[in-house]
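These are my notebook entries on a structure I looked up. I took the chains one at a time, then the contacts between them.

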Amino acid sequence: MNANLFYLAAALGAVVLYLMMEPRPAPFRAALTVFGLAAVALILTAVAANAPAPEDAASGAPFGLHVLLSLVAVAGAARMVTHPKPVYAALYFILVILAVAVNFLLMQAEFMAFALLIVYAGAILITYLFVLMLAQQSGDRGSRGEDASWYDRTPREPIAALILAFIVLATTGDALFRRPNALPWVASPAETARANVRLWEQAGDMPGLLADEARAVALADLAKDPGLAKAWSPANATEQAAREAIAAASVAIDGGGRRLSVSPDGASATVTLRTADGTLHPVKLDAAAAPSNSQSLGHSLVAKFPVSLELAGVILLMALFGAVVLARKQMQMAEDERRIAAGVQRLGDESFERGGAA
Amino acid sequence: MHAALLPLIALATGDGAHAADGHGAAHAAAAYADVGTLQFAKATVDTSYGWLKWMLLAPLASVALCGAFAMLKVRGRLPALFTVASFAVAAVLAVTVYRQWGPTLFSTHAPLAVPLMDWLTFRWGDGPFQSFTANFGLYLDGISILWILFVTVLATLIALYASEYMESDVKAGYARFFFAVSLFVTSMLILVMSDNLVGLYLGWEGVGLCSYMLIGYYASQPGAVAASKKAFVMNRVGDLGLALAIFLIWTNYGTVQYDGLFQAIASSGAGTVQGSWSKAAIPFLLLLAVCGKSAQGPLFTWLPDAMWGPTPVSALIHAATMVTAGIYLLARMAPFYTVQAIGSEWAEPALLTVGWIGCATAFIGATIACGQFDYKRVFAYSTISSLGYMVMGLGVGTAFGGVYYVFTHAWFKALLFLTAGAVMHGMAGQVDFRRLGGLLRVPGFRITMLCMLLGCLWLATAPFSAAALSKDIILYQALTSDVEQVRWMGWLGLLTAGITAYYAFRVWFRLALGPVRIEPGPDQHHGHDDHDHGAAGHGHGGHDHGSHGAHAAHSGGHGHDAHGFHPHPPGLRINFVLVVLAVGSILAGLPTYLEKSEGFNWIQRFVQNSSAWIRATGGPEHGQILGRDGHGTLFVLATGVVVAGIALAWVLHAGNRALGDRLRDSMLKTPGLKWLARGSEHGWYVDAVYNALLGVPLWLGAQVLAFLDRFVLDGVVFAAVGRLPGFLARVFQPLYVGTVQAYALTMAGGIALIFAWVVWIWLSGGAS
Amino acid sequence: MNPVQPLLAAAPLAPAMPANVQLTLALALILFAIGLVGFLTRRNMILMFLSTELMFQAAALAFVAFGRMWMDLSGQLMVIFILTVAAAEAALALGLVVLLYRRKETLSNEAWAELKE
């Protein structure tokens, strides 16, 4: 990492952010935008300075996409924390979320990308917008009787906050990037192979999906080479009979209790299908047949983090209760009303009997 | 051994010849502390003597048991049983080791070393000054064996005596008493048997602590508490000297183990020693320690006040054990008083200082003893005087004489204290011998008084008594010395012997002879109606130390109190112990009596085969005193002064008591002699001088400090400090604006700074 | 079985593009810093909470990037929990804001400075 460039760019970004905090005329805003984006680009350049060389030419496009997404996300975030109108700020936040979601996609976290969009952009941000509009509709008095939107236009202690943020950015940047190769950045081939093996083993835990996948591959192979029909159905070597045999085949379990054997590099796996007449047919599955990201995530969630999952559920439940309790209208009830609501005898009322009218 | 001794004897006689040549005092003085090349045999390490650890563990077990009894407040006589039994075990072991190893020490100088347990072992390099070792190990040479012999045997007897003497305390501090006594003996054995100076220091502090506990045993009496504090503080002054001496010994020799230490001294050639202050300070600091522990010189005033403790304690502390620890230290560290250890310009002054302090203490103690009316205090001052003799013996160059006198003195002084205790025990705590008389004819007290007669004879160094045999060695060495100062010490010592004879028999004549006269002491109300052993109150030390005028006014009121008082004669156990001690006192002279038939004096051999041997040379075999044969002249002179002293005591205190009383009155009335009597009776006002020199300035300083504390510290400094938080609060208050973000900013700022610091350390290679 | 993957990589878990993890982490740092600035400077309580959501985003990005670097799905799983907590926080925080707004009729956090006294 080029540390001086990093600090310089971060300082430039801080200055730009400071200048953005007050409403400015349009040309000034344009200049700020340019400088801000330049600052972000410089930070990225500084960080990428000692990156390992790209492994192949195909990386060019994702790299540019990454830079573009970063610029969009930072621009949206900067606008979000500086925009004088809260609703616009919330909308800019949706822009940030979109950029982050695409970034997730680039990192092969498809499920999380869509989950982020649905939960954040779809649910949480909409709630924010509802509350914002609710508040603005009823007219904000402001805290000291000044113009209602004063507090949205005026930042609070901007310089202290920016210095603090600069320190945080600089030190975390130092911690992550200062030492060359303190982190590997790219998973080693062995690491990748182990991850692939783990992925295939997860597939072994999902027999239904695995069988479907194996049958599909077998059918595809059959379609490519009709000569295979005799192997699948020796008695009646027609393609139709072979298809039926494949459809009726089940996944054989080997002596070690495994349903599939993985190649050492994890690039492929072999599943043995057992037809109704008991013959065994190895089927080679390639990458396309591996469990998808969401399947794999789901498996990990229940297999590796079951307690955390339960706790997350409890947290959500408690948040639900909390939100209900907080948002409920506070009613002033008299003693008798409260007693009736609780189903106990009213004070001084001898005729009231528990459990209904007499 | 003989080979090692021969050059020394030759050297000593040679010096005598030089002096006779008339080479002058300077030459003789230079030779005084120069004993030639030192030689020390390396200790024989023999782990088969590991059973000696039971000598320490047996009293320690008694400590634990008595302590448990005291803590659980168990009433019973078991603690005494434990204590006597454990001491007896230690005594048996001591006699066993004496019989097994003693013959070796008769012929060769090879201490027995028995490593027991690792304690302190530090190493920070391989060089000579890069390690420190002080382990629990035993080092037995002649003087250690001598000490453990009489310490354990006397402690057993004294504990047996105390088991009867302390019976009235069975319901109170019985277990506590025996706890302290057991701990005392344990510490004393550690002190004597340890193979290094740190172990010695441990025991040294242990006996100091126990003497504090025992002197202040009657803690409800302010006098006892004050006396115990006095003893403790004065001992601390001496202990400072010991601690500093140990530090200096390590910095100079790199070890505190006796074996290595003596080798180191011996290996430094006599001519190569440079006079360095740190080496020269060692003997003087050791002497300070001796002064504190053995009640010498300026630090002796704690010992008479220590009489507040129960009488067995007096016997244990003052006769047998604790006070002789100083003599032990002096004998053990004798190599430090030689030219080879500290250079010629300091060795002689150091040795002469030892001699003069001992001599002066002996003389002053004796003169004070003449003026006391409390027989226990007389014996206390006589102890100071006797200790002075011992120190003088070491100072004038006869460790044999000093150590032998320790041995004989332990027996007869224990005997004297225990007889005094028996009298107190029977007379309800009466300690003024003017109110008692004719006890020889009181039924039940005959054995006690006869034993006391023997003790007084021994204290007076009657001819042919064990005490005389040992004391004459000291006087002979001093009087035949080449050095004029040492001869003066000898003459003063001779005069002291006469005074000693006088005051010893002053006590005995007053107590034993004359018309029967019994005025019970302050404890008589306890023992008045019940003559059972257990209920007789005693020993609560109701001594009116201060004013004797009060005594006189008091005695009139005692007349009718005496009605119905029956003396309470000592019981079987006390009499048994007294008789054993009397026999022991007589037998203490055996080494000399048997010298002719055995061919040697075994105590002399013991001393010669120890680290004290360098001072144990016999001196000129046929020295001259007043131009005549040394031995014969000394015998005549010593016998003469002793007989004169006893005769004077007879005239003034037995034959014609009225004359003695009149003499005192006329002395008090004569302005020129008034100071003599009053000074003697008040211990030459040493305490008052201390008070004026130390107490008053300290009091004034305390007043000044109290003023500073009250007005400067409380009034100014603390007030300012108290306002500081309020001031700071006002300074920082504006930061607390109340909004969440302000707190968030502060918090995040702190976290960010800490994080930045951690990252900075990490990046600069602090943690990787 | 895997509709998106062929677009991006041939192997089931091909190594990420070398600079991607670094760029993503840098982006996460910048977003976190900006979120911190927003939390400290905005006076609108809702936008303060929105800024914390931005910091959550940064954390989620870092988790995913590190997960990618080590070829481990745990990073993505953490994002699920972050989403959970963020949702719970949004529900409670907005409920609180509504409550506070009812009391003082303003979203300015300076109306709530009683802690000073």
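Predicted model: local features only at pLDDT ≥ 70, side-chain atom pairs only at ≥ 80, totals over all residues.

**Entry 1. A glycine in chain B.**
I looked up Gly571(B). I found Gly571(B) in the loop that joins helix H22 (548-557) to helix H23 (572-587) of chain B. Gly426(B) is 145 residues away from Gly571(B) along the chain, yet their C-alpha atoms are separated by 9.9 Å.

**Entry 2. Chain B overall.**
I counted elements next. Chain B has 31 helices and 7 strands. Of its 768 residues, 52% are buried. I also looked at contacts in chain B with a separation of 6 or more: 81% of them come from residues 24 or more positions apart.

**Entry 3. A helix pair in chain B.**
I picked helix H13 (residues 322-332) and helix H17 (residues 399-426) of chain B. Their axes come within 11 Å, and the crossing is at roughly 160 degrees. How do H13(B) and H17(B) run relative to each other? Angles over 145 degrees count as roughly antiparallel, and H13(B) and H17(B) are therefore roughly antiparallel to each other. The crossing of H13(B) past H17(B) is left-handed.

I listed the residues that make the contact. H13(B) supplies Thr324(B), Ile327(B) and Ala331(B). H17(B) supplies Ala399(B), Gly402(B), Val403(B), Val406(B) and Ala410(B). By class, that contact has 6 nonpolar and 2 polar residues, with no charged ones.

**Entry 4. A sheet in chain B.**
I traced an open sheet of 3 strands in chain B. The order is S1-S2-S3, and the pairing is mixed. Strand S1 (44-45) and strand S3 (131-140) of chain B are the edge strands, each pairing on one side only. Strand S2 (residues 112-123) of chain B runs antiparallel to S3(B), and 9 bridges join the two. I noted one position in detail: Leu120(B) stands opposite Ala134(B) in S3(B).

**Entry 5. A positive phi in chain B.**
I looked up Phe464(B). Phe464(B) is not a glycine, but its phi is positive, about 70 degrees. Where is Phe464(B) found? I place Phe464(B) in the loop between helix H18 (446-459) and helix H19 (466-479) of chain B. Phe464(B) has 12 other C-beta atoms within 10 Å, so I log Phe464(B) as exposed.

**Entry 6. Chain A overall.**
Chain A has 14 helices and 4 strands. Buried residues account for 33% of its 358 residues. Among contacts in chain A between residues at least 6 apart in sequence, 60% join residues at least 24 apart.

**Entry 7. A hairpin and a loop in chain A.**
I found a hairpin formed by S3(A) and S4(A), with 5 residues between them. Strand S3 (residues 269-274) and strand S4 (residues 280-285) of chain A run antiparallel and are joined by 6 bridges. Leu273(A) has His281(A) in S4(A) as its bridge partner. In the turn, Gly278(A) has a positive phi of about 95 degrees.

I then checked Glu157(A), a residue other than glycine whose phi is positive, near 45 degrees. Glu157(A) lies in the loop between helix H6 (150-153) and helix H7 (158-178) of chain A. With 16 other C-beta atoms within 10 Å, Glu157(A) is partly exposed.

**Entry 8. Chain C and its neighbours.**
I took the contact with chain A. That contact takes 77 residues from chain C and 100 residues from chain A. On the chain C side, the elements that give two or more residues are helix H1 (5-8), helix H2 (18-41), helix H3 (45-70) and helix H4 (74-104). Which of these elements gives the most? H4(C) does, with 21 residues. By class, this side of chain C has 57 nonpolar, 14 polar and 6 charged residues.

Methods
Residues numbered from 1 in each chain as written. Chains lettered and ligands numbered in written order. Axes fitted to C-alpha atoms, helices over the stretch in contact; angles between N-to-C directions. Parallel < 35°, antiparallel > 145°, perpendicular 65-115°, else oblique. Left-handed = near helix turned anticlockwise from the far one by under 90°. Contact = placed C-beta atoms within 7 Å. Nonpolar A, V, L, I, M, F, W, Y, C, P; charged D, E, K, R; others polar. Pairing = 2+ DSSP bridges. Buried ≥ 20, exposed ≤ 12 C-beta atoms within 10 Å, placed from the backbone.
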